[in-house]
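Open the model in your viewer and keep the selection tool ready. The tour goes stop by stop.

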Amino acid sequence: MTNAINREDWDALRALAKPGMMANEFIRTLENYAHTGHAVRVGKLLRSDKNYKYLDGKLCTMYSFALESKDGEPSPHQLQVLVREVGGESTILDFWNFGW
């Protein structure tokens with residue numbers, strides 16, 4: 001997913017997003033920013049919280065990544081990704097921007 005954001009591969013990102021996910025609006029925002037010359041890319045992992053409770057009450061991991069402009073200028077915003085691992089399989093539950 002982070003590679004798809006950095007490549008501006010909107011189709012790959014849409015394939016990860018299910019109806020009702022916050023990811024859908026985030027993808028539209030990223031795409032609009034890219035079309036106006038203000039594309040962002042995913043920077044380094046800032047933190048992970050392995051005990052994040054999802055809407056269904058089950059635990060998952062929330063990863064927070066730095067966002068930055070394509071020219072490397074830091075952004076106050078972050079990419080947050082919820083992932084659940086079951087039996088060695090990872091599933092992206094949702095992803096969105098924090099701080100916009």
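This is a predicted model: local features need pLDDT of at least 70, side-chain atom pairs count only at pLDDT 80 or more; totals for chains, interfaces and linings use all residues.

Two strands count as paired if DSSP finds at least two bridges between them.

**Stop 1: the hairpin.** Select β1 and β2. They form a hairpin, with five residues between them. Pick Gly57 in the turn: its phi is positive, about 85°. Nine bridges join β1 and β2, in the antiparallel sense.

**Stop 2: the whole sheet.** The four strands make an open sheet, ordered β1-β2-β3-β4, with antiparallel pairing. Which strands stand at the edges? They are β1 (40-53) and β4. Each has a single partner strand, so one side of each is left without a neighbour in the sheet. Now look across the strands: from one to the next, the twist averages 25°.

**Stop 3: the β3 and β4 pair.** Keep β3 (residues 74-86) and β4 on screen. Their pairing is antiparallel and runs over nine bridges. Select Leu79, then its bridge partner in β4, Asn97. Next, bring in α3. This helix packs on the sheet and touches β1, β2 (59-69), β3 and β4. The direction of α3 makes about 55° with that of β4.

**Stop 4: an aromatic pair.** Show the rings of Phe26 and Phe95. Rings pair if their centres lie within 6.5 Å, and planes over 60 degrees apart count as edge-to-face. By this rule there is one aromatic pair. Stacked or edge-to-face? The centres of Phe26 and Phe95 are 6.4 Å apart and the planes stand at 80°, so the pair is edge-to-face. Phe26 belongs to helix α3 (residues 23-35) and Phe95 to strand β4 (residues 89-98). The pair links distant parts of the chain, 69 residues apart. Phe26 and Phe95 are both buried.

**Stop 5: around Phe95.** Stay on Phe95 and display its contacts. Leaving out residues up to four places away in sequence, Phe95 touches Met1, Leu13, Leu16, Met22, Ala23, Phe26, Ile27, Leu79, Gln80 and Val81.

**Stop 6: the cores.** Widen the view to the largest nonpolar core, which has 21 residues. Select Ile5, Leu13, Phe26, Leu79, Val81 and Phe95: these have the most contacts inside this core. At least two residues of the core come from each of α1 (2-7), α2 (10-16), α3, β1, β2 and β3. Which element supplies the largest share? Helix α3 does, with five residues. Apart from this core lies another, of five residues, including Cys60, Met62, Leu93 and Trp96.

**Stop 7: the whole chain.** Zoom out and colour by secondary structure. The protein has three helices and four strands. Along the sequence, the pattern is α-α-α-β-β-β-β. The radius of gyration is 13 Å, close to the 13 Å that the globule rule gives for 100 residues, so the protein is as compact as a globular protein of that length. Along the principal axes, the C-alpha atoms fill a box of roughly 40 × 25 × 25 Å.

For burial, 37% of the 100 residues count as buried. For contacts between residues at least 6 apart in sequence, 39% join residues at least 24 apart.

Key: Residues are numbered from 1 along each chain as its sequence is written. Side-chain values use heavy atoms; hydrogens and water are left out. Rings of Phe, Tyr and Trp (its six-membered ring) pair if their centres lie within 6.5 Å; planes under 30 degrees apart count as stacked, over 60 as edge-to-face and the rest as tilted. Buried means under 20% relative accessible area, exposed over 50%, partly exposed in between (1.4 Å probe, protein chains only). Axes are lines fitted to C-alpha atoms, for helices over the stretch in contact, and angles run from 0 to 180 degrees between N-to-C directions. Contact means heavy atoms within 4.5 Å. A nonpolar core is a set of buried Ala, Val, Leu, Ile, Met, Phe, Trp, Tyr and Cys residues joined through side-chain atoms within 4.5 Å. The radius of gyration is taken over C-alpha atoms; the globule rule is 2.2 Å times the number of residues to the power 0.38.
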